[in-house]
Amino acid sequence: MDMATILLRRMAAGQGGVIAKVKAEGELGRRIRDMGLVPGTPIQVQGRAPLKDPVAIRVRNFTLTLRNNEADYIHVDVEGEA
Amino acid sequence: MKGVSSEVLIALAGNPNCGKTTLFNAITGARQHVGNYPGITVEKKEGFYSLNGCQIRLVDLPGTYSLTAYSLEELVARDFLVQDRPRAVINIVDASNLERNLYLTVQLLELGLPVTLALNMIDAAMNRGIEIDAAELSRRLRVPVVPTVARVGKGKEELLETVLSVAEEDRPWEPLHISYGPDIDPVLDQMEALIRKAQFLTEAFPARWTALKYLEGDEQVLTKGREADWAISSRLERLSDQVTVHLRKTLDTYPEAIIADHRYGFIAALLKGGVLKQNKKADRLYLSDQLDRVLTNRFFGPVLMFIILYAVYQFTFNYSRLPIEWIEKGFASLSGFAETVLPRGPLKSLVISGIIDGVGSVVGFVPLIMFMFLAIAFLEDTGYLARVAYMLDRVFRTFGLHGNSVMAYIVSGGIAGGCAVPGVMATRTLRSSRERLATLLTAPFMNCGAKFPVFAMLIAAFFPANHALMMFCVTLLSWASALVVAKFIRSTLLRGPSTPFLLELPPYRLPTFKGLLIHTWERTWQYIQKAGTIILAFSMLFWALMAFPGLDERERGRFEEERAAVLSQVEPGDRELLRTIGEGETEIPAEFSEAVEELKEVDRREAQAALKRSYAGRLGTTLEAVTHWVGFDWRTNVALLSGFAAKEIIISTLGTAYSMGETGDEESVSLSRRLSGDSGWNPLKAFTLIVFIMLYAPCFATVTCIIKESGAWKWGLFSVVFNTLVALLASLLIYQGGLRLRLGV
C-alpha cells in the first residue's frame, strides 16, 4: 500500500490520515498539542468554511477548526497518493 | 468525626463545552449563562452547597484545555489552584471526548491536586457506542470517577459525597509521575533533585512540576523562578537548554512537544485494555455532522446564516410589539394620575418629567430586550454561534481580528441588543493583546440593548414603514464601522501578526426550555436593575440640571406680562376660568379657544427659555458651535451628554426635554410621535443622530470595563475621545452629504 506524507492543507474533504509531524512551535505549537494534535493521531478532514478557510477536521471524537496557514504546520500520512 | 459547619473550598475544572457550567448550576442553583462557545466562562464564579453539615464553597474555574499558561483563562485557573489550594477539585470531562479531556486531568494530577473525575454526558457517550469502565479508570488513575449527566442532575449527589470525602481526607498533594521518555526523564530527575535541595519555589509548586515547567519554557514560572533565586534559575535554564539543543539536533523537536506526546501516550495507555471501548458500528455520521453539512455548506451556510440573523429581528420585533403597547399605556395612565393628584410645582415636574417619563421610556423596552436575549441564548446554547465564528473567521482576519471576535461583537449587540460590558469581557478568549484590544475597542460600536431603544424610537418616528429593515441596516452599518475601525487600529496603533485560531465546534445541542428562560431572565433582570438604579438616578440628576437655575425675575415678569396681555382681551369675569384651564378637564368654551392657545404658546416659550438657561442647556448650547455642522441643536446635545451615563438615558432626556418644552399638552404622546411632529426634525437628521449614537463615546460602565480589561487608563480615555471623533466625522459626512443631495427636505 502506498503511503505519502502531505500537508493538512492539501487534504481533500473526507480524506483521512495519521499525523506524522507537527512543525509548529511556540504558542501555535502549544495550542495545537492542547487540542490533541500530536504525531500518531488519526484525523479526517470534515470540510472547509464557505471561504475555503478555516478547515474543519475530526480528531479524537470532536470537531476542530483551524486556519489554512496553521494547517500548513501539520504533516499527515495518507494512503495512496503519489 | 466531621467538622462542624466548616467551609470546604472545592474547585470545578474542565474543558470548555463539557457541561461544566451546567453542572455548576445544577449543584449551586446559581443562575449563570451556559453557552456552547469555548471560553464563555471567563470570570470566577462561586456557589455554595450544604452537605452533611459541611458548607461547600464551589469555585467554577474558567474552561480550559490545558494548564500551560497559554491563555488568560489558563493562568487564572492555575493561579487559583496554586494560591487558594482548594481541598478538592472536581474535574469534569466529556465522556464522548475522553482522550482530549484527560489531557487537562493529567496536568491537574502532575500538579498533585486531589482530583475527582466527573464523567459527564455519559448518556450521550453511550448513544454513540462508547463504553467506559469507570471502576477500572478510577483504579488506574487512582482518583474517584463518578458518571454524571449534568443536564438532568444525574450523579450529582454521589459526586458531591465523593468529593467531600476526598476533601475530608485532606491528604498532602501527590504529584503524578509520568515517564516523558529517555531524553527528558534523566534531566528531569536531575532538576528535581536540584530544586528539592535548594527549596526552590517549593512553597508554591511541587519540585518535579517546576522542573517540568522549566523544560516547557513556561514564562510565568520562569519569571517567578528568576525573582526567587537567580542562580538556581540559571542552572535550571542551562540544563533545559542543553536538552533542547540535543533534541533539536537528534529528533528535530523540543522538550515541550516531547512532554505533550508522552502525556497523550500516558492517556492512550490508560484507556487501553477495555477501559474505553468504541463500538465501531455506532461510529456513523452523527446528526450534528449532518446538520453541519447544510449549516456550514459553502453556499447554504452563509445564506442560512443571513436568514437566521434576520429572523432574530423579525422574531424580536413582532413578538414584543404588543407587550410594549401595554407598558406604554400603563405609564401614560400613571402620568395622568400624578397630574391630577400632585400640586403644581417642582415636585410634580420631578415626578412626571424626571421619574415616570424617565423610567417608563426604559421599562417600555423590556419586552423587546427579553425577546432579543431569548433569541441570542438559543443561538448560543445550540452551538450555532461557534459555526458563525468558523464561517466568518476569514472575513475577520482580513480586518486584523480573530474568529473569536465574533463573540465579543455579538455579545455587545452584534445580532440585536446585548451589552458592551460583557462584550468587552468576552474578549478574554483572545490571547493576542493586539487582536483583543482591537476587538474590545471596537465592540462598543455594536448596537447594545441600551442604544437599541433609542434607535427603535427614532426609527418608529421617521421610518415607520420599514421598521425591521431599517433596524437591520443599522446593524449592518455598525458591523461595517467596527470592522473598518478595527482594521485602522490594527494597521496603525496595534500593528502585528495574527494569533492561532483553533476553535472547537461543539455538537449541536437542543437547549432546555428552562435553561433558556433562566438565561433570558438573568440578562433582562440586569437591564431592569440598571434601569431602576443608575438610570433613575441620572434621570433625576439631569432633571435637576435642566430645571435649575431657572429664569430670573425679570424674564419671568416678561412672560407674566404676555399672559396678562392675552387675558386682557377677555371679560374680567372669565379670566379666572381661563387660568384654571391648564390644570383640569374643564370644557373650553369655543369663544375662548384662541386665547387658550395663546396662553399655551406663552407657557411653552417660557419653559423652553428656562430649559435653555439651565446648566444642561447652557452646555448643550455651547456645543452647538460644533454640532450645528451635523444638525444637532442643544436639546440633542444635552441628551447625548446624558447618554454617557447609559445610552438609554438619551430617550428619557429627550423625553424630559420635550415634555418640559410642551407643558399643557394633555395627551401623553409618545416621544417618537412628538419628534416626528416637530418641524426641527427630519429623516436625515434622525439618521445622522442614529449613526452618531452608534459610534460615539461608550457609556461609563463600558469605559470602566475597557480600563479593567486592557489594564490601562489610556485605552479607556482613548475610547471616549477616539470614538467621539469617529462619530463626529461619520455624522458630518452623512449630514452634509445628505444636505448636498437635498435629502433633508
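In α7(B), the residues Val187(B), Gln190(B), Met191(B), Leu194(B) and Ala198(B) meet Ile232(B), Arg235(B), Leu236(B), Leu239(B) and Val243(B) in α10(B), where contact requires that the C-beta atoms of two residues, placed from the backbone, lie within 7 Å. The structure is a predicted model, in which local features need pLDDT of at least 70, side-chain atom pairs count only at pLDDT 80 or more, and totals for chains, interfaces and linings use all residues. Residues are numbered from 1 along each chain as its sequence is written, while chains are lettered from A and ligands numbered from 1 in the order in which they are written. Helices (H or I, at least four residues) and strands (E, at least two) are DSSP runs, numbered from the N terminus.

Helix α7 of chain B spans residues 185-198 and helix α10 of chain B spans residues 230-251; they pack at an angle of about 180°, with their axes 11 Å apart. Axes are lines fitted to C-alpha atoms, for helices over the stretch in contact, and angles run from 0 to 180 degrees between N-to-C directions. The two helices α7(B) and α10(B) are therefore roughly antiparallel to each other (angles under 35 degrees count as roughly parallel, over 145 as roughly antiparallel, 65 to 115 as roughly perpendicular and the rest as oblique). The contact of α7(B) with α10(B) comprises 8 nonpolar residues, 1 polar and 1 charged. In this classification Ala, Val, Leu, Ile, Met, Phe, Trp, Tyr, Cys and Pro are nonpolar, Asp, Glu, Lys and Arg are charged, and the others, Gly among them, are polar.

A residue is buried if 20 or more other C-beta atoms, placed from the backbone, lie within 10 Å of its own, exposed if 12 or fewer, and partly exposed in between. Helix α26(B) covers residues 615-627, and its 13 residues reach 18 Å from the first C-alpha to the last, close to the 18 Å expected at 1.5 Å a residue (the expected span is 1.5 Å times one less than the number of residues).

Chain B also contains an open sheet of 6 strands in the order β2-β3-β1-β4-β5-β7, with mixed pairing; two strands pair if DSSP finds at least two bridges between them. Strands β2 (45-51) and β7 (145-147) of chain B stand at the edges with a single partner strand each, so one side of each is left without a neighbour in the sheet. Neighbouring strands of this sheet are turned by 25° against each other on average, direction ignored. Strand β2(B) pairs with β3(B) (residues 54-60) in the antiparallel sense over 7 bridges, and Gly47(B) stands opposite Leu58(B) in β3(B).

An open sheet of 7 strands, with antiparallel pairing, includes strands of both chains in the order β1(A)-β6(A)-β2(A)-β3(A)-β4(A)-β5(A)-β9(B). The edge strands are β1 (3-7) of chain A and β9 of chain B, each pairing on one side only. The twist averages 40° from one strand to the next. Strand β6(A) (residues 74-79) is joined to β1(A) over 5 antiparallel bridges and to β2(A) over 4. In β6(A), Asp77(A) is the bridge partner of Thr5(A) and also stands opposite Val18(A). Between the chains, β5(A) (residues 62-66) and β9(B) pair in the antiparallel sense over 3 bridges, with Thr63(A) opposite Leu505(B).

Across the interface, 30 residues of chain B are in contact with 29 residues of chain A. The largest share of the chain B side, 5 residues, comes from α11(B). By class, the chain B side has 15 nonpolar, 7 polar and 8 charged residues.

Most residues other than glycine have a negative phi, and most peptide bonds are trans. A cis peptide bond joins Asp53(A) and Pro54(A), with omega about 0°. Asn17(B) has a positive phi, near 65°, and counts as buried with 26 C-beta neighbours inside 10 Å. Asp252(B) has a positive phi near 55°, but with 9 such neighbours inside 10 Å counts as exposed.
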